[in-house]
Amino acid sequence: MANFKIATIPGDGIGPEIVVETVKVLEKIGQLFGHTFEFTEVLAGGIAIDKTGEPLPNETIEVCKKSDAVLLGAVGGWKWDVLPGDKRPERALLGLRGALGLYANLRPAVLHDALKAACPLRPDIAAGGIDIMIVRELTGGMYFGDRGRKQTDLGEAAWDTEMYAVDEVRRIAITAFELAKKRKKKLTNVDKANVLESSRLWREVILEVAKDYPDVTLDHLYIDNAAMQIIRDPGSYDVMVTTNMFGDILSDEASQITGSIGMLPSASLNKDNFGMYEPIHGSAPDIAGQDKANPIATILSAAMMLQYTFGLDAEARAIENAVTAVLKSGVRTGDIMSDGMKLVGTKEMGRLVLEEIKR
Ligand code: NAD
């Protein structure tokens, strides 16, 4: 029995609709397993711009820091698309990652049995199932490196810098090896060590950390090959660790092979396993306020929160099993709809998952 403080950030678009269903799921877990979850709702994104003039008010950061974990819906929308880059709702995400030190991004790509038809790969390729955990470094590399523009003989030029320090690589490597240890004991490092110096250092550190994990099998792929291999033979990968930019691309590719964007959760962790949990999709302004959004990605993000930050494995399994049961029963939101299935809205999907949660 335990007490946990969760900061919720519903955000924009479908964010509030999917977060409200997820809070109900956590409350039910609390009742069944005897935990107390205390929720504090805070602003970020477009709604924060409208109410405070800033995409990420200080109060939001303060509340998140005082919480045990953060549950985020999504931010952004057409209304704020005209704003300059540093004033846009999406700035809140970078701000939260930086302020909370969230350097490890975990993105599982799982093909649910009931949704096999949604997989764009040939059935024989996906036959063995897909369950890949992509571990992406989130606060370093080219997205945070030095950048600029200058005049050259060939006209204006621009550059971005890919730089990684040993400690940055070591901590993400430890996260990945620890995960692999608890899964199938197989880790694939993805880099571009045949070309990039930063990748050569990256690989040296991965090999060094590997000495502490003799029971985990380690192999390496260059990013271009990795992009091919996960669609050629996705079943043979377990945990994959990579840089910020490579992970950004590879995790989107992995998510596509599982069918729907509305199904996939994510976790962003700091060194103490404090985490921000959110679906991988955005605020879906095209379906916002219409009771059409699939809440499952957010509900599964809550399951990751229970597992990775609170260490409540049985509770996490209870949520995952409930989602599996609901999908098996033939109920679908629009994004995962197929012939012969029953179409339901966000609220009904949330209610059905709630009903299936058992101790
Ligand atoms: P999106 O993920 O919001 O939507 C892409 C498509 O997928 C849309 O057709 C949408 O209806 C559908 N979709 C997404 N989630 C769904 C769900 N749960 N159920 C059913 N269908 C779903 O991506 P986008 O349209 O490129 O971006 C919309 C806004 O979200 C933009 O402002 C973007 O910057 C922002 N965004 C935010 C985040 C975040 O908050 N983490 C991530 C990505 C994009």
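My entries below go from the helix pair to the pockets.

**Entry on the helix pair.** I noted to begin with that this is a predicted model. I then looked up helix α8 (residues 223-232) and helix α9 (residues 244-256), whose axes come within 10 Å and cross at roughly 10°. Angles under 35 degrees count as roughly parallel, so α8 is roughly parallel to α9. On the α8 side of the contact I found Ile223, Ala226, Ala227, Ile230 and Ile231, and they meet Phe246, Leu250, Glu253 and Ala254 in α9. I sorted this contact by class and wrote down eight nonpolar residues, no polar ones and one charged.

**Entry on the largest pocket.** I read off a volume of about 950 Å³. Which residues lie nearest its centre? I listed Met133, Arg183, Gln307, Tyr308 and Arg317, out of 36 lining residues. Helix α11 (313-328) is one of the elements that supply at least two residues of the lining, and α11 gives the most, with six. By class, I wrote 18 nonpolar, six polar and twelve charged for this lining.

**Entry on the second largest pocket.** Here the volume is about 590 Å³. I found 28 residues in the lining, with Leu93, Arg97, Arg107, Arg136 and Ile280 nearest the centre. Which element gives the most to this lining? I was pleased to meet α9 again, with five residues. The lining of the second largest pocket divides into eleven nonpolar, ten polar and seven charged residues.

How values were computed:
Residues are numbered from 1 along each chain as its sequence is written. This is a predicted model: local features need pLDDT of at least 70, side-chain atom pairs count only at pLDDT 80 or more; totals for chains, interfaces and linings use all residues. Side-chain values use heavy atoms; hydrogens and water are left out. Axes are lines fitted to C-alpha atoms, for helices over the stretch in contact, and angles run from 0 to 180 degrees between N-to-C directions. Helices (H or I, at least four residues) and strands (E, at least two) are DSSP runs, numbered from the N terminus. Angles under 35 degrees count as roughly parallel, over 145 as roughly antiparallel, 65 to 115 as roughly perpendicular and the rest as oblique. Contact means heavy atoms within 4.5 Å. Ala, Val, Leu, Ile, Met, Phe, Trp, Tyr, Cys and Pro count as nonpolar, Asp, Glu, Lys and Arg as charged, and the others, Gly among them, as polar. On a 1 Å grid over the protein atoms alone, a cavity is a set of points where a 1.4 Å probe fits but cannot get out, and a pocket is an open set with protein on both sides within 12 Å along at least five of seven lines; lining residues have an atom within 4 Å of a point. Grid points are joined across faces, edges and corners, and a volume is the space filled by probe spheres set on the points.
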